[in-house]
Amino acid sequence: MPIMMATDLVKNITNKLTTQVAVFPLATFRVVFGALMLFSTIRFWYYGWIEDFYIAPSHFFSYFGQDWILPYNAPFIYSLFIIMAISAVGIMLGLFFRASSLLFFLSFTYIELIDKTTYLNHYYFVSLMAFLLLFTPAHRALSLDSKLFPRIKSWVVPQWSILALQFQIAILYFFAGVAKLNYDWLFKAQPMSLWLQSKSDFPILGQFFVMEETAFIFSWAGMLFDISIAFLLFSKKLRPLGYLAVVAFHLLTWLLFPIGVFPWVMIGVTLIFFSADWHKRLWEIVWSSRFRVYRFGSMGNKTASNKITTPNYKLLTINYGLLSLLAIHFTLQLLVPLRHHLSDDNLYWTENGYRFSWRVMLMEKTGYLEFRVRNIATQKESIVQTGEYFSAFQQRQLVTQPDMILQAANVIAKDYENRGIQVEVYADSFASLNGEKHRPFVNPTVNLASLKNDQKRDWIVQYD
Amino acid sequence: MTKHITILLLITALFWSCNGDEENPECQASDPDVMLMDIRDFTILPAYQNAYNKIVEARDISQDFILTPSQDQLGPFRNAIKNAWLAWQEASGFEFGPASDVALRSNVNTFPVDSFGVLLRIENQDITLIANDLKGFPALDLLINGIGSTDEEILAIYTGDSAADYTAYLTAVLIDIEDRILSVKATWEDSYGETFPTNTGFSTGSSFSMYINAYIQDWEQIKRERIALPLGLLTFQTPLPNQVECIYGGYSQELALAHAVSHYNIYKSADHLGIQELVEGVTNFTGNNGETLDETMVAQFELGIANLSVVPDPLSETVLLDFDIVNEAYLALQDMVVLMKIDMTSGLGISINFADNDGD
């Protein structure tokens with residue numbers, strides 16, 4: 001009977017997910033992730049970006065419509081970054097792990113939600129990783145928590161806690177690869193060709209970078225890498241090759257493109273694909289001690305028969321609520337990147353559904369935009385000095401991103417209204433995709449202040 | 001395992017050693033870039049040299065004028081200042097590195113001048129020149145063209161009771177401009193000029209990226225400050241004639257035109273390597289009638305210059321009398337901004353910004 005089969009299936013999956021496996025991969029992940037987050041927080045602070053991105057601007061581009069801006073002020077923002085740094089240390093050391101990972105997730109995500117301007121796929125990824133890590137028992141061994149609270153100590157964790165992180169990483173790569181299956185990327189080697197043209201001065205390799213063939217090789221290799229890497233990493237046999245590819249790929253992107261700590265994050269987090277044995281040896285090398293915690297030699301073996309008993313072994317009860325939450329999370333993770341199919345727009349042009357979809361380094365879009373206000377009473381027009389409202393970084397980001405353009409127009413309209421002038425707001429703008437000649441972008445006859453929300457981006461001139 | 005980690009660390013160390021470390025001289029590309037050397041030697045240095053020569057000349061002539069303030073001396077002095085101001089237009093586009101460190105452009109050419117402030121300070125014999133709108137070329141314009149409605153009135157001031165206060169201020173302004181241009185020129189001839197061609201590439205912070213960013217920003221100033229603002233495009237079509245660059249001498253259009261022409265010349269760089277050579281290599285761009293990016297830009301430069309040429313001086317009157325003729329010039333300059341900011345930068349792979357930030 002189908003119902004029986006369905007229950008069997010659920011039971012089967014649940015059994016697999018709750019199989020107890022060694023903690024080592026998760027412990028490595030915790031340390032590496034915490035360390036990278038600490039580094040990245042300090043780096044962000046050191047570059048003065050807290051001030052530049054979150055304190056200096058007078059307006060922010062909220063994700064929740066322009067009427068609901070997250071509260072911010074300098075002491076609060078700096079506190080959040082301090083919390084971020086401290087909780088990253090907590091994650092790394094496994095100290096008050098649950099609280100640390102919750103605080104890290106909340107502070108990091110809050111900062112990211114303040115302003116669309118700073119959206120980066122890798123920040124989104126960090127939020128997701130922190131969210132998933134929060135539910136895992138990554139502190140049950142090789143952590144200060146397990147020293148301080150010996151009763152929680154356990155050398156085993158349920159399979160899902162490792163699988164969830166692996167699956168999230170796989171989703172990132174796979175969707176990033178699928179996104180590269182487009183005409184420009186594959187058959188024009190764009191924007192790769194544009195990017196590489198500017199690397200002619202690169203030591204030794206510069207002369208190769210500017211060759212057309214190189215752009216094609218990089219485009220195709222990048223696509224194949226993204227699509228296949230998760231499978232390579234899941235496969236026991238191909239894993240070493242896969243990880244070598246991860247290191248090579250991300251080092252290359254780090255050398256060529258200004259993408260911050262992202263390459264190091266990926267090189268670090270993909271370690272979680274290695275077997276428990278591998279991680280155990282890693283810990284033994286670093287720790288210079290042997291961990292005699294297993295009665296059975298092989299670890300990470302997913303069969304249920306591989307029962308591990310240790311003195312500290314404590315059965316983790318199956319938490320169906322948590323498993324359901326993860327099921328919902330991953331269903332969304334599979335659907336959200338596909339949401340742009342709901343609209344017929346040219347995704348790269350209108351960017352309807354572009355964010356949160358793992359479109360990483362996919363296009364070169366540049367634009368130019370000037371807002372023009374029309375005094376409704378006098379019908380006279382005036383060019384707006386956008387710099388009076390937005391930072392240089394915000395201006396640069398908004399000129400190619402329609403939802404930000406709309407928000408900016410509303411900010412401007414509101415400002416005039418506060419000064420007692422009712423205005424319509426228009427934009428004279430152009431944009432270019434992948435180095436093609438600029439085209440008109442926003443329809444210059446549409447009063448942007450009259451558009452409150454932007455489900456339908458018909459106010460963007462069609463890209464034909 | 002250990003072996004693998006060692007290899008990994010070695011590779012990392014190898015790559016790490018120089019990435020993103022532009023401060024470290026060992027990490028800069030050892031070969032200075034030929035194009036950057038050309039830009040330095042045939043575009044930037046001559047422009048500063050010329051601007052410096054002309055302001056020195058103006059100061060020399062100012063001494064004759066101060067000694068014997070007469071109609072005979074006033075003409076050549078005014079000419080010398082106009083020539084220096086025109087020469088400055090060719091040097092104002094390099095506001096990065098040494099020039100940006102000392103905010104050269106704002107120091108020598110902030111307009112409109114605060115004429116009330118200047119006169120007040122002359123009265124108080126205060127020549128400290130603490131604000132940018134109290135000095136620079138626009139202040140010179142006030143002092144030789146604007147302190148009286150006729151030449152007789154102006155000369156009367158320079159021969160009157162407070163003549164010494166006026167000439168002291170005049171000299172202070174001249175020396176200020178001269179010193180500032182000299183110091184930037186000297187840095188270019190010395191340390192900065194040496195490192196400029198070695199900071200190769202197109203990424204943020206590279207010499208070429210700074211050069212192009214400054215170039216575009218300066219072009220935008222022609223259209224915004226020099227044209228759009230006085231024409232009233234930023235003030236609901238209420239013209240602001242007092243906002244022109246040269247309000248008293250009445251040759252704002254001439255200055256703006258010189259500025260635009262100098263940008264065109266910088267683009268072409270005559271017989272030397274410059275922006276045009278790179279733009280000629282851009283292939284992804286196809287104009288409406290199949291033109292290349294270079295052809296499109298050349299045509300747009302010429303249109304902008306042509307439209308600006310027919311705007312009559314004094315600009316402060318034209319903005320009140322003939323909106324359309326000034327607006328035509330504005331629109332052509334504006335279209336050029338679009339080509340520069342979008343097509344040129346994306347074609348060359350330069351990001352339009354000075355500040356660094358991550359992408360993904």
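This is a predicted model: local features need pLDDT of at least 70, side-chain atom pairs count only at pLDDT 80 or more; totals for chains, interfaces and linings use all residues.
Across the whole structure, the search turns up 1 cavity of 30 Å³ or more. The largest cavity holds about 110 Å³ of space. Its lining is made up of 13 residues, and those closest to the centre are A:Ser40, A:Phe44, A:Phe81, A:Phe108 and A:Tyr123. Several helices of chain A take part in this lining: α2 (24–46), α4 (74–93), α5 (97–114) and α6 (121–135) each provide at least two residues. The greatest share comes from α2(A), which gives 4 residues. Sorted by class, the lining of the largest cavity comprises 7 nonpolar, 3 polar and 3 charged residues.

Strand β3(A) has a partner in strand β5 (residues 423–433) of chain A, to which it is joined by 11 bridges in an antiparallel arrangement. Within this pairing, A:Glu370 has A:Asp428 of β5(A) as its bridge partner. Strand β3(A) is also joined to strand β4 (residues 381–383) of chain A, here by 3 bridges and again running antiparallel. In that pairing, A:Arg372 stands opposite A:Ile383 of β4(A). The hairpin formed by β3(A) and β4(A) has 5 residues between the strands, and A:Gln379 in this hairpin adopts a positive phi near 65°.

Chain B provides two serines to look at in turn. B:Ser206 sits in the loop between α10 (191–195) and α11 (207–231) of chain B. With a relative accessible area of 1%, under the 20% limit, B:Ser206 is therefore buried. The side chain of B:Ser206 reaches the backbone oxygen of B:Ser203 at 2.7 Å, and a polar atom of that side chain lies 3.1 Å from the backbone oxygen of B:Gly201. Setting aside neighbours within four places in sequence, the contacts of B:Ser206 are with B:Asn199, B:Thr200 and B:Gly201.

The other serine, B:Ser316, belongs to helix α15 (residues 315–321) of chain B. B:Ser316 also counts as buried, because its relative accessibility is 13%. Residues up to four places away in sequence aside, B:Ser316 touches B:Pro241, B:Val244 and B:Ile247.

Conventions:
Residues are numbered from 1 along each chain as its sequence is written. Chains are lettered from A and ligands numbered from 1 in the order in which they are written. Side-chain values use heavy atoms; hydrogens and water are left out. On a 1 Å grid over the protein atoms alone, a cavity is a set of points where a 1.4 Å probe fits but cannot get out, and a pocket is an open set with protein on both sides within 12 Å along at least five of seven lines; lining residues have an atom within 4 Å of a point. Grid points are joined across faces, edges and corners, and a volume is the space filled by probe spheres set on the points. Ala, Val, Leu, Ile, Met, Phe, Trp, Tyr, Cys and Pro count as nonpolar, Asp, Glu, Lys and Arg as charged, and the others, Gly among them, as polar. Buried means under 20% relative accessible area, exposed over 50%, partly exposed in between (1.4 Å probe, protein chains only). Contact means heavy atoms within 4.5 Å. A polar contact is a pair of N or O atoms within 3.5 Å; within protein, one must be able to donate a hydrogen and the other to accept it, and residues adjacent in sequence count only if both atoms are side-chain atoms. Two strands pair if DSSP finds at least two bridges between them.
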